[in-house]
Amino acid sequence: MRTARTPASAARGGRGLYELYRAASRAAAPAVLLWRRVRGLEHPSRWPERLGRPSVVRPRPDSPLVWFHAVSLGEGMAALPVVRHCARLHPGLPILLTTTTLSSFEVIKDLLPDGVIHQFAPLDCPDAIESFIGYWKPNLILLMESELWPNLILSAAEKGIAVALLNARISLKSFNRWSLPLGLQLVSLMLSKLSLVIPLSTIQAVRFQLLHTPPQIIHFAGDLKYVVGDIDAGEKEITAIEDLQQQFSNRPIWMAASIHKGEDEVILRVHDELIKIYPTLLLIIVPRHPQDSKNVSLNLKKHNVNFVLRSTREVVSSNTRIYVVDTLGELRMLYRVTPVAVIGGSFLPGLAGHNISEAAAAGCAVLTGPYVGHFYHMLVEMWQINPSAVKQVTGEFELLEALKQLLGDSKALEASQKAAKHAFSLMSDGIVNRVWNLVRAFTISSQTDAWNS
C-alpha cells in the first residue's frame with residue numbers, strides 16, 4: 001500500500017532535486033542573461049547587477065539591512081508602502097529594493113523614499129546569489145507575492161537570514177505544477193525555510209498549506225495591493241493632473257486602463273457606440289504594454305480617428321476623440337482625471353485581471369470584465385462593503401450598457417464613485433501596520449539589539 005509523503009519526507013527528498021536545480025541554474029545563467037540582453041529586457045549599463053555585482057556602495061557596513069524583492073511593477077508598487085513604513089520606523093536603516101523588469105525600475109525609482117537603494121535582482125543561480133548576499137549582507141529578506149527561488153531561499157537559510165513572503169500567492173497553474181511529486185519535494189523544502197507567509201486570501205492560504213507550508217507561519221494581514229492607491233500625489237503629478245484637466249475642459253470622459261492586445265478592439269467598438277450618444281466624449285486608453293500603443297495608433301489612423309499620443313505632448317483639442325497613453329508610470333495620476341475607469345486584462349479568456357484599488361482610491365466608478373483571476377477576492381471583499389463598489393460585466397454588450405448608464409445619469413455615477421472610494425478606504429485601513437507587526441514578530445524580534453543599534 002502506498003503511503004502519502006509527509007511534509008518532512010517531501011522536504012528531505014527535495015534536497016537532491018535542489019542540487020540538480022543548483023547545477024542547472026549555474027549552467028544556464030549566462031545563456032539566459034545573454035538572451036534577455038539581446039531582446040532588450042535588461043538595463044543597457046546595469047545588467048551586471050543581475051550577476052550579483054553591485055553598482056553602489058552598501059551604506060553602514062556594520063548595520064542591519066532589509067532587502068525587499070519584487071519582480072515587476074505591480075509587485076513593486078505593492079511593496080512600496082511597506083518600504084516607506086520601514087524607513088519611517090527605522091530612520092538610517094539601510095533598505096534595499098530589487099526588481100527584475102525595466103518598467104518597474106523606470107517607475108519605482110522616482111517613488112522610493114530618500115536613502116532607499118534600488119538594484120536589479122540577481123539571477124537565481126548560485127554564483128549570482130552568493131555574490132549578492134555576500135556583498136549586501138541582509139538581515140531580513142522580504143519577498144513579494146510568488147517569488148519562490150530555490151537558490152535565494154536556501155542560501156539565505158544556510159546563512160541564518162530570515163525570509164518572509166508578503167502578499168503571498170500561487171496561481172492555479174503554478175499550484176498544479178508544484179503539486180506534482182517532484183515539484184512538491186522542492187517547494188516543500190523551500191517553504192520549510194521561510195519564517196513567515198502572509199497570503200493575500202483564504203484560497204491562497206489553503207494552497208500554501210497543501211504545499212506543506214508550516215501552518216504556524218501562515219498569518220493574514222490583508223492585500224497590500226489595496227494600499228497601492230493610497231500613496232499621495234507628488235508635486236509633479238499634481239501639475240500633470242491640472243494640465244490634463246485644463247486640456248479636457250469639462251468634456252465627458254471615460255478611461256480604459258491596462259488594456260491588453262485584442263481588448264483594444266472591444267474598447268474601441270464600445271467607444272464608437274458611445275460617441276453616437278455623447279458626441280464630445282473622450283476616451284483615455286492605456287495599453288498594458290507601451291509597445292502595444294503602436295498597434296492601437298495604426299488602427300486609429302486606418303479608420304481616420306482623431307487621436308493624440310501622450311508621449312508627443314500634443315494638446316488635446318475639441319476634435320480629439322481618443323487620448324492614447326504610451327508612457328509608463330502615469331496610471332495612478334490618470335485615474336484622478338477620469339470619473340469612470342474600466343480595468344482591462346479582464347475581457348478575453350486567458351487573462352487574469354489587474355488591480356482595481358488604484359481606480360477606487362482615486363474615486364472612479366470602477367468596471368471590470370469577467371476574467372479577473374486572483375483579483376476576484378478583491379471584488380468580493382469590496383462587494384461585501386457595497387455591491388456598487390465595482391461593476392463586473394460579462395462582456396462587450398454589458399460594458400456598453402453600464403457606461404451608458406454612468407455617463408447619462410450623474411446621480412448613478414456619483415453613487416458608484418462614492419461606493420468605490422468608501423470600499424477602498426475600509427479595505428486599505430491598517431494593512432501596512434498589520435503586515436509590519438507580523439514581520440517584526442516573526443523575523444525581527446530575535447534581532448532586536450542589532451536593529452536598535
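This note sets out numbered points on the sheets, cores, helix packing and selected residues of a predicted model.

1. Basis. The model is predicted: local features need pLDDT of at least 70, side-chain atom pairs count only at pLDDT 80 or more, and totals for chains, interfaces and linings use all residues. Residues are numbered from 1 along each chain as its sequence is written, and side-chain values use heavy atoms, with hydrogens and water left out. Helices (H or I, at least four residues) and strands (E, at least two) are DSSP runs numbered from the N terminus.

2. The six-stranded sheet. An open sheet of 6 strands runs in the order β3-β2-β1-β4-β5-β6, with parallel pairing; two strands pair if DSSP finds at least two bridges between them. Its edge strands, each pairing on one side only, are β3 (117-120) and β6 (196-199). From one strand to the next the twist averages 20°.

3. Strand β4 (residues 140-144) is mostly covered, with 5 of its 5 residues buried; buried means under 20% relative accessible area, exposed over 50%, and partly exposed in between (1.4 Å probe, protein chains only). L140, L142 and M144 point one way from β4, while I141 and L143 point the other way. β4 pairs in the parallel sense with strand β1 (residues 66-69) over 4 bridges, and with strand β5 (residues 162-168), also in the parallel sense, over 5 bridges. L142 stands opposite F68, and the bridge partner of L142 in β5 is A164.

4. Helix α5 over this sheet. Helix α5 (residues 150-158) lies across β1, β4 and β5 and runs at about 155° to β4. Axes here are lines fitted to C-alpha atoms, for helices over the stretch in contact, and angles run from 0 to 180 degrees between N-to-C directions.

5. Nonpolar cores. A nonpolar core is a set of buried Ala, Val, Leu, Ile, Met, Phe, Trp, Tyr and Cys residues joined through side-chain atoms within 4.5 Å. The largest nonpolar core has 75 residues, of which F68 and L166 touch the most other members. Leaving aside neighbours within four places in sequence, F68 is in contact (heavy atoms within 4.5 Å) with V82, V83, C86, I95, L96, L97, T98, L142 and W436. In soluble globular proteins, nonpolar side chains tend to be buried together.

6. The seven-stranded sheet. A further open sheet has 7 strands in the order β9-β10-β8-β7-β11-β12-β13, with parallel pairing. The edge strands β9 (307-309) and β13 (391-392) each pair on one side only. Within this sheet, strand β7 (residues 253-259) and strand β8 (residues 282-287) pair in the parallel sense over 6 bridges. I253 stands opposite L282 in β8, and I259 has P287 as its bridge partner there. β7 is largely enclosed by the rest of the structure, because 7 of its 7 residues are buried.

7. Residue G344. G344 is found in the loop between β11 (340-343) and α13 (357-361). At 0% relative accessibility, G344 counts as buried. G344 and A87 are 257 residues apart in sequence and 33 Å apart in space, C-alpha to C-alpha.

8. Packing of α14 and α16. Helix α14 (residues 376-385) and helix α16 (residues 410-428) pack at an angle of about 110°, with their axes 9 Å apart. That angle makes α14 roughly perpendicular to α16, a term applied from 65 to 115 degrees. E381, M382 and I385 of α14 make the contact with A420, H422, A423, F424, L426 and M427 of α16. By class, the contact has 7 nonpolar, 1 polar and 1 charged residues; Ala, Val, Leu, Ile, Met, Phe, Trp, Tyr, Cys and Pro count as nonpolar, Asp, Glu, Lys and Arg as charged, and the others, Gly among them, as polar.

9. Residue E19. E19 is found in helix α1 (residues 7-38) and, at 40% relative accessibility, counts as partly exposed. E19 and N151 are 132 residues apart in sequence and 9.6 Å apart in space, C-alpha to C-alpha.

Notes. Parallel < 35°, antiparallel > 145°, perpendicular 65-115°, else oblique.
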